[in-house]
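Hi everyone, thanks for coming. Today I'd like to walk you through two ligands and the residues around them, so please have a look at the structure with me.

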Amino acid sequence: MPALVLLGAQWGDEGKGKATDLLGGSVDYVVRYQGGNNAGHTVVVGDQKYALHLLPSGILSPGCTPVIGNGVVVDPSVLFSELNGLNERGIDTSRLLISGNAHIITPYNVTVDKVTERFLGKRKIGTTGRGIGPTYADKINRVGIRVQDLYDESILTQKVEAALDGKNQLLTKVFNRRAIETEQIVEELLTYAERLRPYVADTVLLLNKALDDDKVVLFEGGQGTLLDIDHGTYPFVTSSNPTAGGACTGSGVGPTKISKVIGILKAYTTRVGAGPFPTELLDEDGEALRRIGHERGVTTGRDRRCGWFDAPIARYATRVNGLTDFFLTKLDVLTGWDEIPVCVAYEIDGKRVEELPYSQTDFHHAKPIYETLPGWSEDITKAKTFADLPKNAQGYVKALEEMSGAPISAIGVGPGRDETIEINSFI
Ligand code: GDP
Ligand code: IMO
Ligand code: MG
């Protein structure tokens, strides 16, 4: 059985953590391939709730090996506090593996993220302030620090010096901050080395061998398709590739090994941070979606912007990821509306446009064209099969499937592992 990718089809927070955890019991490896602790993935097991930021959601399944791939950016202090938190709750984290090629989020990258946002003022992206963008920028500028650098003090010192050279100019001359000392950073980074050592591995070799041995590997995306640096609503995006191609570059597993790409799709739309959002609701309905759906950020605690389902976005996600399936989440949140509007196309400059426009200006001006579907009022959280759903809920799912371009193979009707309707099996 080859590899599967599970990723966000919208702007993140679609319920990737729950979906990954659900599959975690049947897979051998769960691999994060991009992003860092900007992610906030919630997993609910029985009466226990876990918020994971950097660790793959497979960490909660005893038979599964969690892997942090080369494409991830790692803040060691966050990693350790997350590991400690799970250990205190009796979770064994010793199976974790981390690529030696993963880049490290250094304290100066966190500083640069925060001061840049402050400097941008009204034009800010609304980042999570976790140092994600500056760390990926260092990687691309070839002044990044990798996990393996922690094991060669002389190389580490040279690299930190190179990274700080330009940054200190910027910090002191543009941002009016104090310069950061190389020695202080090196000293801090070296304190992480020994605790990290048992986890560091050649994850590329290991994952490819596992696939050769018919093991099942699940790639867990962070963020979502429209936050992708290439395919998202640039510049209001994150600095990595959550889309399916990122699973290959971020892990060293080739595309021929991937058999399924599952898009996690919320039954409505949410977004955190700045940027265009055609179906955003600034009225009572938006407030109700936020309240009923508990739409508050797991990482930053910010209220999520909420709006109706946007079919051109789902079609776009199908296209750029080559989706084979959707996992529709949070259908239960829509219970109680008499009618549910769904955006089927946009009006841009007086013209009907069926697909996501490639022009940023057009997307900023896009007005949703809605079709209204009949709602339902019955409690659906106990539904176990598609047939258990009320007729109108079935109709809503079928309509979304038709508009979105890939089969809906599972439906979330609550946050718990068992609050899921499985239609087609993923594995
Ligand atoms: P992620 O970042 O994609 O993992 O998603 P988040 O964890 O940030 O946000 C999703 C939220 O929805 C979490 O609080 C989940 O527990 C919750 N959730 C996931 N699936 C469902 C569902 O089908 N119904 C309901 N009501 N909540 C869900
Ligand atoms: P999960 O994995 C929702 C958003 C931020 C900001 C933009 C850039 O839980 O779905 P960054 O700190 O990455 O440079 O911020 O991306 N963002 C997310 N929004 N869910 C996430 O992760 C996100 N990670 C980043 O709000 O708009
Ligand atoms: Mg989240």
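Let me start with a question: how far does a polar side-chain atom of Arg-302 lie from an oxygen atom of ligand 2? The distance is 3.0 Å.

Before going on, a word on what you see: this is a predicted model, where local features need pLDDT of at least 70 and side-chain atom pairs count only at pLDDT 80 or more, while totals for chains, interfaces and linings use all residues. Residues are numbered from 1 along each chain as its sequence is written, chains are lettered from A and ligands numbered from 1 in the order in which they are written, and side-chain values use heavy atoms, with hydrogens and water left out.

Back to ligand 2. There are 20 residues around ligand 2, meaning residues with a heavy atom within 4 Å of it. Lys-16, His-41, Thr-128, Gln-223 and Thr-238 come nearest. Thr-238 places a polar side-chain atom 2.6 Å from an oxygen atom of ligand 2, and a backbone N or O atom of Asp-13 lies 2.8 Å from an oxygen atom of this ligand. On its own, ligand 2 exposes 560 Å², and the protein buries 97% of that (Shrake-Rupley method, 1.4 Å probe).

Now, which residues does the record point to? For "binding site", an unreviewed UniProt entry lists Val-298, Thr-299, Thr-300, Gly-301, Arg-302, Asp-303 and Arg-304. Such annotations may be inferred rather than shown by experiment. Asp-303 lies in the loop between helix H9 (284–292) and strand E13 (305–307); helices here are DSSP runs of H or I with at least four residues, and strands are runs of E with at least two.

Let's move to ligand 1. It is surrounded by 19 residues, and the closest are Lys-16, Gly-17, Gly-40, Thr-42 and Asp-332. Asp-13 turns up again, with a polar side-chain atom 2.9 Å from an oxygen atom of ligand 1. A polar backbone atom of Gly-17 is 2.8 Å from an oxygen atom of ligand 1, and for a polar backbone atom of Val-413 the distance to an oxygen atom of ligand 1 is 3.5 Å. Taken alone, ligand 1 exposes 580 Å², of which the protein buries 93%.

Which element gives the most to the shell around ligand 1? That is H1, with 3 residues.

Terms used. A polar contact is a pair of N or O atoms within 3.5 Å; within protein, one must be able to donate a hydrogen and the other to accept it, and residues adjacent in sequence count only if both atoms are side-chain atoms.
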